[in-house]
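Thanks, everyone. I have one structure to go through today, so let me put it on the screen.

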Amino acid sequence: MERKYMESQIKGVSTGTTILAVTFNGGVVIGSDSRASMGGNYVCSKTINKLIQVHDRIFCCIAGSLADAQAVTKMAKFQISLHSIQMDSPPLVKAAASILKELCYNNKEELQAGFITAGWDKKRGPQVYTVALGGMLLSMPFTIGGSGSTYIYGYTDAKYKPDMTKEECLQFATNALALAMGRDNVSGGVAHLVVITEEGVEHVVIPGDKLPKFHDE
């Protein structure tokens with residue numbers, strides 16, 4: 001048992017996780033659980049906030065190596081702020097996602113981290129982008145990621161619908177996180193959600209005991 005613990009420490013901290021982002025009519029919801037793991041099945045923290053604000057109305061959520069993801073988001077925040085100053089306007093969501101993509105691609109041999117970037121801008125409104133391992137950039141109306149996502153592909157495919165209201169989107173995201181956290185041994189803790197609209201940003205935290213319950217729990 002002690003040897004397995006030592007091996008998990010050597011492997012480093014990972015955000016064994018469930019992350020998602022969903023667009024709705026007028027905005028976007030981005031969310032995650034709050035656990036970090038080591039060695040795949042040892043939960044080393046239950047209080048990690050994986051939603052990183054990179055600009056006023058742009059957030060990203062992280063999966064993979066926690067150290068890699070934090071280093072990339074730190075560099076991305078600096079470059080996005082510099083880009084905003086140079087353009088003398090708030091950055092586009094796609095521009096922020098492209099900066100993350102370039103950082104991941106240029107360091108793909110060293111990094112083990114993936115990102116979801118979501119936000120709102122005046123040009124295209126609410127948007128969601130996935131930056132996969134290796135630096136591939138994809139735009140989509142909703143996306144899920146992390147170890148817990150494998151348990152909820154069926155749910156999200158069946159329940160997602162375009163032009164949801166804010167309330168419907170929050171319920172969709174909350175249910176998806178609750179289902180993943182109920183099945184994935186390294187997803188759990190609390191659900192962090194951020195609602196991004198033209199009016200601003202709203203943070204929502206749902207404790208684990210307040211999450212929806214399903215028949216298998």
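I will start with the conventions, then take the sheet, a hairpin region and a helix pair.

This is a predicted model, in which local features need pLDDT of at least 70 and side-chain atom pairs count only at pLDDT 80 or more, while totals for chains, interfaces and linings use all residues. Residues are numbered from 1 along each chain as its sequence is written, and side-chain values use heavy atoms, with hydrogens and water left out.

First, the overall content. The protein has five helices and 13 strands. Those elements are DSSP runs numbered from the N terminus: helices are H or I with at least four residues, strands are E with at least two. Of the 217 residues, 48% are buried, where buried means under 20% relative accessible area, exposed over 50% and partly exposed in between, using a 1.4 Å probe and protein chains only. Among contacts between residues at least 6 apart in sequence, 64% join residues at least 24 apart; a contact is heavy atoms within 4.5 Å.

Now the sheet. It is open, with five antiparallel strands in the order E11-E2-E3-E12-E13. Two strands pair if DSSP finds at least two bridges between them. E11 (142-145) and E13 (200-206) are the edge strands, each with a single partner, so one side of each has no neighbour in the sheet. From one strand to the next the twist averages 15 degrees.

Which strand pairs with E12 over seven bridges? That is E13, in the antiparallel sense, and there His-192 has Val-205 as its bridge partner.

Next, E3, residues 27-32. All six of the six residues in E3 are buried, so this strand is largely enclosed by the rest of the structure. Gly-27, Val-29 and Gly-31 are buried on one side, and Val-28, Ile-30 and Ser-32 on the other. In the E2 and E3 hairpin, two residues lie between the strands, and Gly-26 takes a positive phi near 110 degrees. E3 also pairs with E12 in the antiparallel sense over six bridges.

Ser-32 is worth a look. Its relative accessible area is 0%. The bridge partner of Ser-32 in E12 is His-192. Leaving aside neighbours within four places in sequence, Ser-32 has contacts including Thr-18, Lys-50, Leu-177 and Val-190.

On to E9, residues 125-131, where six of the seven residues are buried. Seven antiparallel bridges join E8 (residues 113-121) to E9, and a hairpin of three residues connects them. Thr-117 stands opposite Tyr-129. Tyr-129 also has a bridge partner in E10, namely Ser-139. The hairpin of E9 and E10 has five residues between the strands, and Gly-134 in that turn has a positive phi of about 95 degrees.

Last, the helices. The axes of H2 (residues 66-87) and H3 (residues 93-106) come within 10 Å and cross at roughly 135 degrees. Axes are lines fitted to C-alpha atoms over the stretch in contact, and angles run from 0 to 180 degrees between N-to-C directions. H2 and H3 are therefore oblique to each other; under 35 degrees counts as roughly parallel, over 145 as roughly antiparallel, 65 to 115 as roughly perpendicular, and the rest as oblique. The contact involves residues including Val-72, Met-75 and Ile-80 of H2 and Ile-99, Leu-100 and Leu-103 of H3.
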